[in-house]
Amino acid sequence: MVHAPEITDYVKTAATKLDVVSDEVDAVNILKGNKEVDFAAESQFDAEKDKTGFRQYEEACDRVKNFYAEQHKKQTLEYNIRIREELQAKVRASMTVWEAMELLNELVDESDPDTSVGQIEHLLQTAEAIRRDGKPDWMQLVGLIHDLGKLLCFFGAEGQWDVVGDTFVVGCKFSDKIIYPDTFKANPDYYDEKINTECGIYSPGCGLDNVLLSWGHDEYIFNIMKKQSTIPKEGLSMLRYHSFYPWHREGAYTHLMNEDDKVQLRAVQAFNAYDLYSKSDDLADAATLKPYYMGLIEKYIGLNELEW
Ligand SMILES: O[C@H]1[C@H](O)[C@@H](O)[C@H](O)[C@@H](O)[C@H]1O
Ligand SMILES: [Fe+2]
Ligand SMILES: [Fe+2]
C-alpha cells in the first residue's frame, strides 16, 4: 500500500527543491500549527558559556586516550554486523525509563573528558537546559533519555569501547575528522581495499538512514525508541546522531547525505549544545523534577516496562 504523503512531506519536497532547507523547519512548524519556538534554531542558553574548555582531546588524560585507541582498533564492519544480529535476537531486560535512569547512574563513562557528575545528573541537566529555552516537550524528553543506551554496559558489552565515545561510519574510509585519527591504523578495515575508499560499501547520497554507524549507545537507544515510542523523527535523529561529532560538528560525510539528512543535521546540532554545554550547569534535583518528567515519559513512551 502506498503511504499517503503528509503535509510535512510536501513542505519538505518544496523546500528542498527551492533549496531553503534552513527555513524548512519553520515552515513545518507553522503548518502543524506549532506556535512554539523553532526547536532547531540556535540555542540561547549557551550564548554566554565559555566553550573553550570542552572536548580538549589532545590534553585529555590517559584513560580517555586508551579508551579511543581500543575503540578505533576494534570497531570493524564485521563486528558491527555481528553485534546488531546478536542484539536483535533477544531481549536483555524489562525496565521502565526511570528504572533505567537509576541503573545507569552506576556507570562512569571512560570516554568523557568533561563530566564529573553522575549520569542521572547529566540527563537532567541536558533536559532542563532544553526546557528552560522553551523547546518542545519531546525534545526535553530526548535530553532526558539520550544516554540511556549506555545501559549496554550492564548487558554483557565487551567493554566500554562498544558503548560510549564519539561515533563514525563503518564500511567506508575512516574520516580524518574523527578524534585521534591515527589510531585507526590498528583497525583491519583500514587496510581493506573494498572498505577504505570514500564511499566504501555505500553509494554517494545514499542517506544516513542507510549507513552503519559504529556500534554504541546512540544506535541502541535509537532502535529502542524507534520501536517503543512516538518521538518524532527529528527527536529520533538526536538520539541516533548525538555522538556523531565528525558529522554534526566537523562536517564529514556530506557525500553520503541525502536531502532529509540536512534537516536532521540542523536538529542534531541544536540538540548538541544542550548535551555538551549543560555539563557545567548547577546540579538538578532528581526527586523534585521526577513528576514533571514522568508526564513526558507517559506521553511519548508510556509508564510500562520497555524491552531493552
Ligand atoms: O565521551 C562522550 C560520551 O560518551 C557521550 O555520551 C557521547 O555522546 C559523546 O559523543 C562522547 O564524546
Ligand atoms: Fe552520549
Ligand atoms: Fe550526553
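H146 touches T126, I221, M238, L239, H242 and D275 once residues up to four places away in sequence are left out of the count. The model is predicted, and in it H146 lies in the loop between α7 (137-145) and α8 (217-228). Because 27 C-beta neighbours fall inside 10 Å, H146 counts as buried.

One of the contacts of H146 is H242, which is found in the loop between α9 (233-241) and α10 (245-248). H242 is buried too, because 27 other C-beta atoms lie within 10 Å and 20 or more are enough for that class. Not counting residues up to four places away in sequence, H242 touches H146, D218, V268, F271, N272 and D275.

Which residues surround ligand 1? The shell consists of D109, S111, D112, D147, V164, G165, D166, H242, S243 and Y245, and these residues divide into 2 nonpolar, 4 polar and 4 charged.

E110 is found in the loop between α5 (97-104) and α6 (119-132), and S111 lies in the loop between α5 and α6. E110 touches R63, F67, Q160 and V164, not counting residues up to four places away in sequence, while S111, with neighbours within four places in sequence left aside, is in contact with V64, F67, Q160, V164 and G165. Of these partners of S111, V164 and G165 are named in the shell of ligand 1.

| Residue | Other C-beta atoms within 10 Å | Class |
|---|---|---|
| H242 | 27 C-beta atoms | buried |
| E110 | 19 C-beta atoms | partly exposed |
| S111 | 19 C-beta atoms | partly exposed |

As for the protein as a whole, its secondary structure comes to 12 helices and 2 strands, and from the N terminus on the elements run α-α-α-α-β-α-α-α-α-α-α-α-α-β. Buried residues make up 40% of the 308 residues. Among contacts between residues at least 6 apart in sequence, 78% join residues at least 24 apart.

Terms used:
Residues are numbered from 1 along each chain as its sequence is written. Chains are lettered from A and ligands numbered from 1 in the order in which they are written. This is a predicted model: local features need pLDDT of at least 70, side-chain atom pairs count only at pLDDT 80 or more; totals for chains, interfaces and linings use all residues. Helices (H or I, at least four residues) and strands (E, at least two) are DSSP runs, numbered from the N terminus. A residue is buried if 20 or more other C-beta atoms lie within 10 Å of its own, exposed if 12 or fewer, and partly exposed in between; C-beta atoms are placed from the backbone. Two residues are in contact if their C-beta atoms, placed from the backbone, lie within 7 Å. A residue is near a molecule or strand if its C-beta atom, placed from the backbone, lies within 6 Å of it. Ala, Val, Leu, Ile, Met, Phe, Trp, Tyr, Cys and Pro count as nonpolar, Asp, Glu, Lys and Arg as charged, and the others, Gly among them, as polar.
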